[in-house]
Amino acid sequence: PDNLRELSKKIKVYIGSAVDVATLADDAGYRRTLNREFTHVTGENAMKWSEVEPQRGQFTWEGADAVVRNAQRNDQKVRGHTLVWHNQLPEWLTAGVADGSIGAPELRRILRDHIFKEVGRYRGKIRAWDVVNEVVDDDGKMRDTIWLQKLGPGYIADAFRWAHEADPHAKLYINDYNLEWNAAKIDQTLNIVKDLKAKRVPIHGIGFQGHLGIQYDYPGDFPSVMKRFTDLGLEAAITEADVRMVLPVTPEKLATQADYYKRMLQTCVDNRRCVEFTVWGFTDAHSWVPGWFDGEGAATIMDENLVPKPAYGALLSVRK
Ligand code: G3I
């Protein structure tokens, strides 16, 4: 294969990227590369609650619409990200909960309306939704969010049921980071899935974000972890892959990074229920990493000038 789109057809796994909407609009090189290389896209921020409803009742769908429209024109599937999360919630919502002006019954209605509005707007256009994102903490406890505090643990089942009602064909995912290796998080997430399945709640997929760094050992158990989930009948996706490093970049570090990317994609290819491998941005010019980890960066498969790094070639070499 000459590019990732050709590879995607060959290995029968969608290969996706997160999309930054501002750059999509402004930068033709970015747009061309995205549309040449990828068969799946996720709005990096565009579908998050703070982006689509910054003021209560005032909806700003332009960014999300642009991602979906570009995908449809370029034969790309779309992952919706994300319906229920504790980050990037609008100020009116968090402030209202904090000062008590939004009580539990109203909060539950607000969440229900949000899910019906957003999922309903894109009904038939989203292959898979990250219904709940990062609901388990690294210590294996349920994450202490406004959702858990005010609505209790049943908010998860509710969210899946509402999303399914709003778009019965979309695959509905639970998505998390460190799930490739963190035993406490893995066990708790498996328990959530089993409980939802026992209650006949429509959950279809497990998302492994795949945020790795070469200063840490590669999570060698990832294939068996993925299998524990897919053995429950779920499909799987790697939803936000990137591999950061402590700067400066060296050829050795790029080689290690390439190996990590390749092993992640191979893990997906080797599991017949893994259908999607999505990177969290495809160029170092647009990556969340430098802004979040002091002294780290270069986490994507192309450099700032869209020149492929060794990781890109390593992905192209993956076979079924
Ligand atoms: O929208 C404002 C904009 O108005 C303002 O001018 C600008 C100035 O800083 O900030 C903009 O918001 C930023 C937003 O990205 C959009 O660019 C936020 O400050 C910034 O915090 C936000 O970061 C995003 C982060 O999620 C926030 O939680 C990253 O881009 C995004 O890559 C990251 O993605 C998450 C996934 O959703 C879930 N998994 C982890 C992953 C990495 O953290």
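These questions and answers concern a predicted model.

User: At what angle do helix 7 and helix 9 pack?
Analyst: Helix 7 covers residues 104-121, and helix 9 covers residues 155-166. Their axes lie 9 Å apart. The packing angle is about 35 degrees.

User: Is the crossing of helix 7 and helix 9 left-handed or right-handed?
Analyst: The two helices pack with their axes 9 Å apart. Helix 7 passes helix 9 in a crossing that is right-handed.

User: Which residues of helix 9 does helix 7 meet?
Analyst: Helix 7 contributes Leu-111, Arg-112, Ile-115, Phe-116, Val-119 and Gly-120. By class, the contact has 9 nonpolar, 1 polar and 1 charged residues. On the helix 9 side stand Tyr-155, Ala-159, Trp-162, Ala-163 and Ala-166.

User: How many polar residues are in the shell around the ligand?
Analyst: The ligand is surrounded by Glu-44, Asn-45, Asn-87, Gln-88, Asn-133, Tyr-177, Gln-209, Glu-240 and Trp-288. By class, 2 of the shell residues are nonpolar and 2 are charged. The polar residues number 5.

User: Where is Gln-88, and what is its phi?
Analyst: Gln-88 is one of the residues surrounding the ligand. Its place is the loop between strand 3 and helix 6 (91-98). Gln-88 is not a glycine, yet its phi is positive, at about 50 degrees.

User: Is Ala-298 buried or exposed?
Analyst: Ala-298 also has a positive phi of about 50 degrees, although it is not a glycine. Its loop runs between strand 10 (296-297) and helix 14 (310-316). The cut-off for burial is 20 or more other C-beta atoms within 10 Å. Ala-298 has 24, so it is buried.

User: Why is strand 9 largely enclosed by the rest of the structure?
Analyst: Strand 9 spans residues 274-279. It is largely enclosed because, of its 6 residues, the number buried is 5.

User: In what sense does strand 9 pair with strand 1 and with strand 8?
Analyst: Strand 1 (residues 14-19) pairs with strand 9 over 4 bridges. Strand 8 (residues 235-246) pairs with strand 9 over 4 bridges too. For strand 1 the sense is parallel, and for strand 8 it is parallel.

User: Is Gly-207 buried or exposed?
Analyst: Gly-207 is found in strand 6 (residues 205-208). Around Gly-207, 29 other C-beta atoms lie within 10 Å. The cut-off for burial is 20 or more. So Gly-207 is buried.

User: Which residues does Gly-207 contact, leaving aside its neighbours within four places in sequence?
Analyst: Tyr-218 is 11 residues from Gly-207 in sequence and 18 Å away in space, C-alpha to C-alpha. The contacts of Gly-207 are Asp-130, Tyr-173, Ile-174, Asn-175, Ala-237 and Thr-239.

User: What is omega at the cis peptide bond joining His-81 and Thr-82?
Analyst: Thr-82 lies in strand 3 (residues 77-84). A cis peptide bond joins it to His-81. Omega is about -5 degrees.

User: Which residue does a cis peptide bond join to Pro-248?
Analyst: Pro-248 sits in the loop between strand 8 and helix 12 (251-270). Omega at the bond is about 5 degrees. The residue joined to Pro-248 is Leu-247.

How values were computed. Residues are numbered from 1 along each chain as its sequence is written. This is a predicted model: local features need pLDDT of at least 70, side-chain atom pairs count only at pLDDT 80 or more; totals for chains, interfaces and linings use all residues. Axes are lines fitted to C-alpha atoms, for helices over the stretch in contact, and angles run from 0 to 180 degrees between N-to-C directions. A crossing is left-handed if the near helix is turned anticlockwise from the far one by less than a right angle, and right-handed if clockwise. Two residues are in contact if their C-beta atoms, placed from the backbone, lie within 7 Å. Ala, Val, Leu, Ile, Met, Phe, Trp, Tyr, Cys and Pro count as nonpolar, Asp, Glu, Lys and Arg as charged, and the others, Gly among them, as polar. A residue is near a molecule or strand if its C-beta atom, placed from the backbone, lies within 6 Å of it. A residue is buried if 20 or more other C-beta atoms lie within 10 Å of its own, exposed if 12 or fewer, and partly exposed in between; C-beta atoms are placed from the backbone. Two strands pair if DSSP finds at least two bridges between them.
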